[in-house]
Amino acid sequence: MQSENQIESVIILGAGPAGLAAALYAARAELNPLVLTGMTPGGQATLTHTIENYPGYPEGVGGSELGELFQKQAERFGARVEFDSVMKVDLSQRPFRVKTYDKEYLANSIIIATGASSLTLDVPGEKEFTGRGVSYCATCDGWFFKEKKVVVVGGGDSALEEAIFLTRYASKVTIIHRRDQFRGGAVLQTRVRENPKIALKLNAVVKEIKGDDKVKAVVIENVQTKEHEEMPVDGVFIFVGHSPNTQLFKGQLEMDSRGYIEVDMQMRTSVEGVFACGEAADAEYKQVITSAGMGAAAAIQASRYLESLKK
């Protein structure tokens, strides 16, 4: 394993809105931050076709485009972005140690912005047909379903946004949601209900995904009557929430029962010099703007912490 002798002032783990906002603020504070991207540069935002609620973009902005702009701005002020995945983090000694596949980094402070991953339905057929009709990214895979029938599972903003996006390609989109009310925003709900290509299956859950070499049908259960229905479909898009990517820090940082890292108003974790932001620590809002704000706060506090070490 290659060892890095240099002790970084701050290493930022993750390159979504939280990580890149932290990188921007840390770079402007002349901390020369190192950003380790993980496997999803730009974070989950890159999987959204159009983000309409980020200030400054009245016509909306593509998720991938916004991520690229975040990175470009951070790099302009000196942030170093490395496409690498972290395998182990040791917060028990100082400087902190961060190990990737072939390097070991040392850091006086760490900002955790590892985000979250999509939850699965955990039903028969889901794993078998992932990539063969089951998808967690409409932006990535929607094109493959031109003039096909698809279902979207979920009722939050992501599910409604992606259902609307899929109408560009699919002949019909059916939203399956376990409740009779959506969690998504009012504007999105109105668009969904007014779109002639979108149908609703409420108070319903997917119990099984069927097919041969690809998806052919879903089995749906009515949560009230317990009756089952088999619906022929070509694709299943799943947006039922996320789980924080915090496994690396279990036993090292205080977390809540769901695995979100506990932070105070200054984004400080239970270990001095370690900060967390974005969806690794945010179980409530999960928005690009709140993640970016948390990232900025984390970087400001990291700068103050590092300054305190000099006294």
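1. V152 stands opposite I175 in β10. The two strands here are β9 (residues 149–153) and β10, joined by five bridges and running parallel. Strands are DSSP runs of E with at least two residues, numbered from the N terminus, and two of them pair if DSSP finds at least two bridges between them.

2. A word on the source: this is a predicted model, where local features need pLDDT of at least 70 and side-chain atom pairs count only at pLDDT 80 or more, while totals for chains, interfaces and linings use all residues. Residues are numbered from 1 along each chain as its sequence is written, and side-chain values use heavy atoms, with hydrogens and water left out.

3. Strand β10 (residues 172–177) is largely enclosed by the rest of the structure, because five of its six residues are buried. Buried means under 20% relative accessible area, exposed means over 50%, and partly exposed lies in between (1.4 Å probe, protein chains only).

4. Now for the sheet around that pair. It is open, has five strands in the order β8-β15-β9-β10-β11, and its pairing is parallel. β8 (134–135) and β11 (198–202) stand at the edges with a single partner strand each, so one side of each has no neighbour in the sheet. At the β8 end, two bridges join β8 to β15 (residues 235–238), and V134 stands opposite V236 in β15.

5. Next, the charges: the structure holds nine salt bridges, a salt bridge being a side-chain nitrogen of Lys or Arg within 4 Å of a carboxyl oxygen of Asp or Glu. One of them pairs K201 with E229 at 2.8 Å, N to O. K201 lies in β11 and E229 in β14 (residues 228–232), so this pair ties together parts that are 28 residues apart in sequence. K201 is partly exposed at 26% relative accessibility, and E229 is partly exposed at 34%.

6. R258 is exposed at 53%, whereas D256 is partly exposed at 23%. Elsewhere, R97, K99 and E104 are linked in a network of salt bridges.

7. Finally, R178, R179, R183, K207, K226 and K286 form a positive surface patch. Patch residues have over 30% relative accessible area and no salt bridge, with like charges joined within 9 Å. Among them is K207, which sits in strand β12 (residues 204–211) and is partly exposed at 37%.

Definitions and conventions
Patches are made of residues with over 30% relative accessible area and no salt bridge: like charges are joined within 9 Å, nonpolar side chains (Val, Leu, Ile, Met, Phe, Trp, Tyr) within 5 Å. Accessible areas come from the Shrake-Rupley method with a 1.4 Å probe; for residues, only the protein chains shown count as cover. Lys and Arg count as positive and Asp and Glu as negative; His and the chain ends are not counted. The place of a charge is taken as NZ of Lys, CZ of Arg, CG of Asp or CD of Glu. Helices (H or I, at least four residues) and strands (E, at least two) are DSSP runs, numbered from the N terminus.
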